[in-house]
Amino acid sequence: MTFINKLSAAWTANDSLLCVGLDPDMAKLPAQFQNDPQGIFHFCREIIDATADLACSFKPQIAYFAALSAEGQLEQICAYVREHYPHIPLILDAKRGDIGATARQYAREAYDRYGADAVTVNPYMGSDSVEPYMEWSDRGVIILCRTSNAGGSDLQFLDVGGKPLYQHVARLVAEKWNSNGQCALVVGATFPEELAQVRAIVGDMPLLVPGIGAQGGDIAATVTSGRTASGAGMMINSSRAILYAAPQAGEDFAMAARRVAEETRSAINQHRG
């Protein structure tokens with residue numbers, strides 16, 4: 001099954017456009033994981049189990065693991081998702097950007113070492129920085145387009161033939177790079193008008209949408225701007241708001257994470273049409 005097929009099935013099976021981000025910060029983990037050599041794996045495993053029926057995808061951010069020399073635990077997490085929830089797409093958020101043989105090694109890291117269904121990549125170096133990922137035709141290539149950070153406008157709004165650069169990237173991916181039908185784009189929830197413009201350019205191409213939750217993106221505006229005619233087409237990511245949800249009476253951290261994930265999915269579904 002290809003990444004796109006698996007994602008489409010997960011949208012339907014879990015009635016969800018919610019992507020649960022896995023960004024483990026040791027300073028924020030519950031006390032029982034602080035001195036556990038496998039604490040990152042154990043924490044993420046609990047989050048995965050608590051939210052697996054509510055998510056259309058899981059997205060570990062590699063920097064949170066690499067900074068702690070925890071790539072081995074990331075391998076365990078990826079293997080756990082593949083074994084226990086093989087129907088849910090696994091996205092490695094790495095934002096890689098290089099060319100030729102080096103790009104191919106990054107692709108091997110994502111697809112072979114971690115077994116990811118898709119990986120985020122940076123298009124700044126052009127088509128030959130993306131082509132090596134296409135050799136894995138069943139996997140997804142999720143390309144940065146209009147990012148959720150304010151500083152993204154420094155480059156993404158530069159004029160390219162009368163259109164901003166992010167729209168040029170969207171059109172380039174949709175019309176030239178997506179020959180295998182495996183591409184998606186990263187477009188932030190913090191800019192709903194630009195999100196709508198990207199959707200108009202790329203048709204039903206999937207969009208990975210960060211920026212709700214801790215970053216403050218408006219869910220109603222995000223879904224209305226980015227949904228496809230079928231009410232799908234998006235992986236709307238929330239990380240910190242779910243991972244570090246404050247427990248209410250009688251809840252542990254995993255129950256709190258599930259509650260917030262369920263609330264987020266419900267809020268998204270209200271606007272899917």
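Mentor: Start with contact, which means heavy atoms within 4.5 Å. In this chain, among contacts between residues at least 6 apart in sequence, 73% join residues at least 24 apart. Bear in mind that this is a predicted model: local features need pLDDT of at least 70, side-chain atom pairs count only at pLDDT 80 or more, and totals for chains, interfaces and linings use all residues. Residues are numbered from 1 along each chain as its sequence is written, and side-chain values use heavy atoms, with hydrogens and water left out.

Trainee: How many helices and strands does the chain have?

Mentor: Helices (H or I, at least four residues) and strands (E, at least two) are DSSP runs, numbered from the N terminus. The chain has 13 helices and ten strands.

Trainee: What does the radius of gyration say about the chain?

Mentor: The radius is taken over C-alpha atoms, and the globule rule is 2.2 Å times the number of residues to the power 0.38. For 273 residues, a compact globule would have a radius of gyration near 19 Å; the chain has 18 Å, which agrees. Along the principal axes, the C-alpha atoms fill a box of roughly 55 × 45 × 35 Å.

Trainee: What share of the residues counts as buried?

Mentor: Buried means under 20% relative accessible area, exposed over 50%, and partly exposed in between (1.4 Å probe, protein chains only). By that rule, 53% of the 273 residues are buried. For area, the Shrake-Rupley method with a 1.4 Å probe is used, and for residues only the protein chains shown count as cover. The accessible surface of the chain comes to about 11,300 Å², and 49% of that belongs to carbon and sulfur atoms.

Trainee: How are charges counted?

Mentor: Lys and Arg count as positive and Asp and Glu as negative, while His and the chain ends are not counted. The place of a charge is NZ of Lys, CZ of Arg, CG of Asp or CD of Glu. The chain has 22 positive and 30 negative side chains, and the centres of the two sets lie 3 Å apart.

Trainee: Which residue does the "active site" annotation cover?

Mentor: UniProt positions are given in the numbering used here, feature names are shortened, and annotations may be inferred rather than shown by experiment. The UniProt annotation, from an unreviewed entry, covers Lys95. Lys95 is in strand S3, residues 91-96. Its relative accessible area is 39%, so Lys95 is partly exposed. Beyond neighbours within four places in sequence, Lys95 is in contact with Gln61, Thr120, Val121, Asn122 and Leu144.

Trainee: How should I read the buried residues of a helix?

Mentor: An α-helix has 3.6 residues a turn, so residues three or four places apart point the same way. In helix H9 (residues 165-177), the buried residues include Tyr166, Val169, Ala170, Val173 and Trp177. The buried residues of H9 pack against several elements, among them strand S5 (140-146), strand S8 (183-187) and helix H10 (192-202).

Trainee: What does Ala254 touch, leaving aside its neighbours within four places in sequence?

Mentor: Ala254 is in contact with Glu46 and Ala50. Ala254 and Ala50 are 204 residues apart along the chain, yet their C-alpha atoms are separated by 6.0 Å. Ala254 lies in helix H13, residues 253-269, and counts as buried because its relative accessibility is 10%.

Trainee: Is Arg259 buried or exposed?

Mentor: Arg259 is buried, as its relative accessible area is 17%. Arg259 is also in helix H13. Not counting residues up to four places away in sequence, Arg259 touches Ala246, Pro247, Gln248 and Glu251. Of these, Ala246 lies in the loop between helix H12 (240-243) and H13, and Ala246 is exposed, with a relative accessible area of 57%.

Trainee: Where does phi take a positive value in a residue other than glycine?

Mentor: Asp15 is one of the cases, with phi near 45°. Asp15 is in the loop between helix H1 (3-13) and strand S1 (18-22), and is partly exposed at 42% relative accessibility. Ser69 has phi near 55°. Ser69 lies in the loop between helix H4 (62-66) and helix H5 (71-84), and counts as exposed at 64% relative accessibility.
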